[in-house]
Amino acid sequence: MMKQIFGKLPRKPSKSSQHEPNGDALNGNSFFNSSLGPNSLNSSKPGSAFKFSNSGSRLNGGTVNSHSSSSANSNQGKKTDPLASQAGLMLVSGIYEALPGFRDVPSTEKQSLFLKKLNMCCVVFDFGDPTKNLREKDIKKQTLLELVDYISSVTSKFNELAVQEMARMVAANLFRTFPSPNHDIKLLEMYDLEDEEPAMDPAWPHLQIVYELLLRFVVSPETDAKLAKRYMDHSFVLKLLDLFDSDDHRERDYLKTILHRIYGKFMVHRPFIRKAINNIFYRFIFETEKHNGIAELLEILGSIINGFALPLKEEHKLFLVRALIPLHKPKCASTYHQQLSYCITQFVEKDYKLADTVIRGLLKYWPVINSSKEVMFVGELEEVLEATQAAEFQRCQVPLFRQIGRCLNSSHFQVAERALFLWNNDHIRNLIIQNRSVILPIIFPALERNTNGHWNLAVQSFTLNVRKIFTDVDHVLFDECLSRFQEDELKEKEMQERRELTWKHLEDVASSTTAASNEAVLVSRFVSSIAIATATATSPTPKAMVGS
């Protein structure tokens, strides 16, 4: 009885509900939260708004962000937009109903309908189960398509509430945490299983429309950058960058285009975007070596670097040294090497003085046993050398051609061929000819060994062509190098013979000592068969210790 009486008494509103505005605008830093809570109900025409369950957070497997008390308090004191009262979520019967089309309402109500449709699309359904909420998912898809058409054809500027609701809808649908198993698998499983089909998000049919909607909103001339930057702020950009780790390449392609447009439209965000991408690279290089979107981020940076003004800022040069060059280190560099090489070449073309820094950086991270990666490095080296001037070339030519000499003698024929193809480039060949007095003595032994003993006939043929270039240009220098090489080979042969005689003498001494006494004697691991046979015949149980 007492409960019935108290139940009829009016309840005192909570502190959060007292301060919660009816459809107030969001703070720029809280676009993740819904601006409309359970108390933001409004009256609207039947069938003109969608409806869902009284909880305000779920609809038959669908979810929608709820308004936190902190965000409500932060909005206290703001003037309520009259359009916001028409954008509320109807908490009536649990039915998700379609809204009328933009062609079915007067022009004066289109802005209000736009807000309602954005709120409607904040409901997120579970696409893991293809049998759930089929009707609601189809309604949402059609609503998103209508929004895309509306943004493409609108002729009036978007007001602050429209920008806010757009940011909130995008956050509700796109910003999510990827499953952890995608990041726990081993590096080889991530990058070497080329036969595996790429992962596809089951929600992509809806996500694609949301991405298209965001893209058209960003590039629309009716979107005021000064107004939109309040809601598409640094936090928004960071969430977009987190999505680049998606396994779905279709999503990364959309993100690449959208982030590039944001970089172009919101000039105030440019330094922050570059710094955030730097941090992703640092984490990838020095910590995880796991990220799905490095190639797309580098593709964006290639366009950004192309627009750098001259002279280059110190910030940009540090980015080259600290981020781009170390990106050659990870084992999975082949997945993004094409985009990385383009960025590196852009820097050298912008400032030819950076060629020495880039070449020495390549030499620092030059692969030792990965032949396919070595072929990529030689190809990138050719692109860099093509933009290198004579002065910078002379600064690094000695360590550079020591490495090229090792490539010429590589037992992997593709590495040797790719190194020999450098002489097919006119600019590089001219640089080599101009500095032949330094370069030829360095690589001459490699050329001679290839000519005399490389197993691949194609490599031998290409080597003969390179030798002919030097012979035609400077026959005297070539003869000097040949004479010096023959002398060095003779000295090396004599030294090898003396070394073998010395070891043979030591082995004989060790064998005789073992035969004369029972004491253990340490001998070379290259013990001759004669010494072993002698020791075995002399002593049935030899105690000689063979060094390992």
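Helices in this talk are DSSP runs of at least four residues, numbered from the N terminus. With that settled, Gln 346 is found in helix H16, which covers residues 337–350. Please bear in mind that this is a predicted model.

I will stay with Gln 346 for a moment. Is Gln 346 buried or exposed? Its relative accessible area is 8%, and buried means under 20%, so Gln 346 counts as buried. What does Gln 346 touch, if we leave out residues up to four places away in sequence? The answer is Gly 302, Ile 305 and Asn 306.

Now the chain as a whole. There are 548 residues, and 46% of them count as buried. The secondary structure comes to 25 helices and four strands. The accessible surface is about 28500 Å², and carbon and sulfur atoms make up 53% of that. Take the contacts with a separation of 6 or more: 76% of them are between residues 24 or more positions apart.

Next, confidence. The average pLDDT of the chain is 79, and 72% of the residues score at least 70. Where is confidence lowest, and where is it highest? The lowest is in helix H3, residues 69–74, with a mean of 36, and the highest is in helix H17, residues 355–364, at 96.

On to salt bridges. Side chains of opposite charge can pair when their charged atoms come close. How many salt bridges does a search of the whole structure find? It finds 20. I will go through three of them.

One is between Glu 251 and Arg 176, with the closest N and O atoms 2.8 Å apart. Glu 251 is in helix H12, residues 249–265, while Arg 176 is in the loop between helix H6 and helix H7, so this pair links distant parts of the chain, 75 residues apart. As for accessibility, Glu 251 is buried, at 0%, and Arg 176 is partly exposed, at 27%.

Another is between Asp 253 and Lys 256, at 3.9 Å from N to O. A salt bridge needs the nitrogen within 4 Å of the oxygen, so this pair counts. Asp 253 and Lys 256 are three residues apart in helix H12, and that puts about one helical turn between them. Asp 253 is partly exposed, with a relative accessible area of 33%. Lys 256 has a relative accessibility of 17% and counts as buried.

Then there is Glu 448 with Arg 467, at 2.7 Å from N to O. Glu 448 lies in helix H22, residues 436–453, and Arg 467 in helix H23, residues 457–473, so the pair ties together parts that are 19 residues apart in sequence. Both Glu 448 and Arg 467 are buried. To finish with salt bridges, those that share partners join Asp 253, Lys 256 and Glu 299 into one network.

Helix H23 can be checked for length. At 1.5 Å a residue, its 17 residues should span 24 Å, and its end C-alpha atoms are 25 Å apart, which agrees. Which residues of H23 are buried? They are Val 459, Thr 463, Val 466, Arg 467 and Phe 470.

Pro 445 is partly exposed, at 22% relative accessibility. Pro 445 and Leu 408 are 37 residues apart in sequence, and their C-alpha atoms are 10.0 Å apart in space.

Ala 390 has a relative accessibility of 31% and counts as partly exposed. Leaving aside neighbours within four places in sequence, Ala 390 is in contact with Leu 431 and Gln 434. How far apart are Ala 390 and Gln 434 in sequence and in space? They are 44 residues apart in sequence and 8.8 Å apart in space, from C-alpha to C-alpha.

Definitions and conventions. Residues are numbered from 1 along each chain as its sequence is written. This is a predicted model: local features need pLDDT of at least 70, side-chain atom pairs count only at pLDDT 80 or more; totals for chains, interfaces and linings use all residues. Side-chain values use heavy atoms; hydrogens and water are left out. A salt bridge is a side-chain nitrogen of Lys or Arg within 4 Å of a carboxyl oxygen of Asp or Glu. Helices (H or I, at least four residues) and strands (E, at least two) are DSSP runs, numbered from the N terminus. Buried means under 20% relative accessible area, exposed over 50%, partly exposed in between (1.4 Å probe, protein chains only). pLDDT is the predictor's confidence in each residue, from 0 to 100. Contact means heavy atoms within 4.5 Å. Accessible areas come from the Shrake-Rupley method with a 1.4 Å probe; for residues, only the protein chains shown count as cover. The expected span of a helix is 1.5 Å times one less than its number of residues.
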